[in-house]
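Please go through the model shown here with the points below.

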Amino acid sequence: MPNDNGQQTIKFGQLFDETADIFEALSGTCKTAKKYKVVAYDAEQLWQGQNTETLITLLKETHDGIKIRPRRTLRNKHGANAKSSGFGRASLSFQNPQCHKCTKTVYPMEFVGASDKAFHKNCFRCTTCSSTLSKNDYCVSADGMFRCSAHHREFELGVCPATTTASPACIHVR
Ligand SMILES: [Zn+2]
Ligand SMILES: [Zn+2]
């Protein structure tokens, strides 16, 4: 339910009821989400049965490249849409994702999110020259590979000689 600031909130007990069949370690997931400042709640650790009245606030609707769907319909837990609502499933789905490059687990310390994919900082490199990319400065080429802006342009020119500027797929900001 929206609070005074228009932010989405949910009680842990309700979140647990709705997501227990989806998340094996919901409290750990919440902890990670809290560390990322995606959610806020007033507890060090959430325990089933103990923190059912703890209010969890959804602070933002995106986390790096990963979109978080706002909870569209919030009804009581017996409501028709409760199971399919987006709060738990979508907003917390970034916990320890797999690296798009090496497929190993990415822990928060080394996480880089780009184009809805997760990378280790060390794995997020230009496909052509292997220079390190940052989440604010990278390009996705037409082949779906990540490149630095220079090699992205070189690649796109190679694909289509008519292209003289970076294609719309190029999303680097600097
Ligand atoms: Zn990796
Ligand atoms: Zn490069």
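1. Two strands count as paired if DSSP finds at least two bridges between them. Strands here are DSSP runs of E, at least two residues long, numbered from the N terminus. The model is predicted, so local features need pLDDT of at least 70 and side-chain atom pairs count only at pLDDT 80 or more, while totals for chains, interfaces and linings use all residues. Residues are numbered from 1 along each chain as its sequence is written, and chains are lettered from A and ligands numbered from 1 in the order in which they are written.

2. Strand β2 (residues 39-40) pairs with β3 over 2 bridges, in the antiparallel sense. Strand β1 (residues 8-11) also runs antiparallel to β3, joined by 4 bridges. T57 in β3 is the bridge partner of T9, and A40 stands opposite T57 as well.

3. Which residues of strand β3 (residues 55-58) are on its covered face? They are I56 and L58, whereas L55 and T57 are on the uncovered one.

4. A nonpolar core is a set of buried Ala, Val, Leu, Ile, Met, Phe, Trp, Tyr and Cys residues joined through C-beta atoms within 7 Å; buried means that 20 or more other C-beta atoms, placed from the backbone, lie within 10 Å of the residue's own. The largest such core has 12 residues, including V106, F111, F124 and C148. Strands β6 (111-114) and β7 (117-120) each supply at least two of its residues, and β6 gives the largest share, 3 residues.

5. Apart from this core lies another, of 11 residues, with F12, L46, I56 and L58 among them.
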